[in-house]
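The sequence and structure come first.

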Amino acid sequence: DDDADIEEDFARWKEATLPLIRKYLGSSTPLQSGEDSAEATLPEPTWKILEMDAKKVWTKGEFYEEDTEPVTSFDARHPYLAPVSTAIELTPNADRHTLHVEVDLAGSGMRYESGDHIGVYPANAEEEVDLLLCALGLLDKADTPIAVRAIDPFAAQQSLFPVDTTTYRAAFRHYLEITGSVPRAQIKSLVQPFARSAAARSFLGPLADDKDAHAAVVTAGCLSLARLINAVHQVEQQAGVSVEERLQLPVETAFELCPRLQARLYSISSSGKVNPERPTITAVVLQYDAKTEDASSAKMGARRCGVATNYLLGAVRYLRGDRSETLAPDHQALRAGCLLSESPNLPGAADASAVEAVHDRKGHTMQSFTLQPAPGSACDNGQRALALPVFIRRSLFRLPADPSTPIIMIGPGTGLAPMRGFIQERAQLARERGTGREMGTALLFFGARTEANDYMYREELEAHFSEIQKAAPQSQIITAFSRDQPQKIYVQHRLAEHAELVYQTLLCGQQKLGGPSRAHVYVCGDAKSMAKDVSKALASLIAEREGVTEDVAGKWVSEMRKLSRYQEDV
């Protein structure tokens, strides 16, 4: 795994390596950054776009053509449209949205186990879709039926999308990642060659050639393709460049710049043994502001929204009855569905990205989504129903097969998700075994911002642990609420405070460890700091009680990883 930016690391390797290869092969040097872009050869397109009149057009984010491709089993390529059975907000009084979404797999044949992941295919918000359509000059023909074919007749992939015919709008809404920052290498190879004005070339040149300039402008500004094009157009306008001479990016190139929209994977927060057909998602909604001076003055401002969590928030909003309107379908039903939007100007506005954003009481931007109600429901009455395209991905994040094995779970925030499934399973096992049969101690270290507003699933967890304690009396929940006192307290601090309890749990009845513990440790959450700090805290408390150095204790923890007794889902 890359620890920073894999695109940037590859770009640096490529820039250092290709000149050596050219020198060895005796080939000519490509266009240098100082040369006139107008003299450069434009990149060869991979795809050709065919605008057509089609009898059947797929616009709802279909992943396969049901008429010609019957599906008997569901996976990442063939997701199941799972009805949403529950969609609520867990922490209504907190300053962030934390969601609980449950889907129904009945009839799909899919099953899951505690620790598995559920993949959800989201849709891009209407504001983001229209922002890109406008930047590419496509808004007037956004609903034109298109087929996107490979130019090379021998290419392994002959069609860009999983369906034969779609529209520009549906392609950007359902099939392409349109909100990510444009990598430096792609600015150089796919955007810069189309810059015709000196103003555009002088703006794009540093972003393509200088890693630091790219980081300061594109990465910090979270410049998606649409925002990058708009930034170039603004520079050209200030320089007096005519509209005809401004940057015009071909749609075929935009399709190459935008990768396929990927499913987002979430640790399932329920037990497959307790609720085999009802996996749940626990997620916090991601919104933040771009960190550049120009971001707030740009179209749609500085606010950036995570694609999938805001889509899930849209599902919660829709099912609780928030404002939505049925779209009047044309003869091909290209705009059919329900538009979820808090703005009274939609769906009437031609450009959703130009409509003033609406914010909720937490200061979050309420994005707009086109949703497809489940059969038998409608968005303009009280019988709303929704389905999400999902699949199950197996994981090695598993409870020990022997229930007498102690477990230590560290899950701050939504890192609690897989732990909730483990706890449900252990509680059910405790009820089945009764008080006569011993079960391994279960410790849960849970952290959040505040106890009053952010302690999700509190009553449920306390009820489960009261059951577990009947079979494993030392089991308990240990909490760390970082903002409930002047000094910040996190789960790694609680590990140190409860070092003796943790150590006794790791011993599994032994006098000394003398090596890797037989107990199982689970960590879920932030990989950058929390996971590393937890590992260090664990090694430190082991070293102190075993009378060994922290390096030796760290090696024992590493051995636990190799033996799948220390597992991380981060």
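α2 and α7 cross in a left-handed manner. A crossing is left-handed if the near helix is turned anticlockwise from the far one by less than a right angle, and right-handed if clockwise. Helices (H or I, at least four residues) and strands (E, at least two) are DSSP runs, numbered from the N terminus. This is a predicted model: local features need pLDDT of at least 70, side-chain atom pairs count only at pLDDT 80 or more, and totals for chains, interfaces and linings use all residues. Residues are numbered from 1 along each chain as its sequence is written, and side-chain values use heavy atoms, with hydrogens and water left out.

α2 packs on α7 at about 45 degrees, with the axes 8 Å apart. Axes are lines fitted to C-alpha atoms, for helices over the stretch in contact; angles run from 0 to 180 degrees between N-to-C directions. The pair is therefore oblique (under 35 degrees is roughly parallel, over 145 roughly antiparallel, 65 to 115 roughly perpendicular, the rest oblique). From α2, Glu128, Leu131, Leu132 and Ala135 make the contact (heavy atoms within 4.5 Å); α7 gives Leu225, Ala226, Arg227, Ile229, Asn230 and His233.

α5 also packs on α7, at about 135 degrees and with axes 8 Å apart. These two helices are oblique to each other as well. Their crossing is right-handed. Ala199, Ala200, Phe203, Leu204 and Leu207 of α5 meet Leu228, Ala231, Val232, Val235 and Glu236 of α7.

## Nonpolar cores

The largest nonpolar core holds 47 residues, and Phe172, Leu225 and Phe255 have the most contacts inside it. Such a core is a set of buried Ala, Val, Leu, Ile, Met, Phe, Trp, Tyr and Cys residues joined through side-chain atoms within 4.5 Å. Buried means under 20% relative accessible area, exposed over 50%, partly exposed in between (1.4 Å probe, protein chains only). Elements giving two or more residues to this core include α2, α5 and α7. Apart from it lies another core, of 35 residues, among them Ala82, Tyr311, Leu313 and Leu371.

## Backbone exceptions

Most residues other than glycine have a negative phi, and most peptide bonds are trans. Cys222 has a positive phi of about 50 degrees. Cys222 sits in the loop between α6 and α7 and is buried, at 12% relative accessible area.

Cys508 has a positive phi of about 55 degrees. The loop between α14 and β18 holds Cys508, which is partly exposed at 22%. A cis peptide bond joins Leu346 and Pro347, with omega about 10 degrees.
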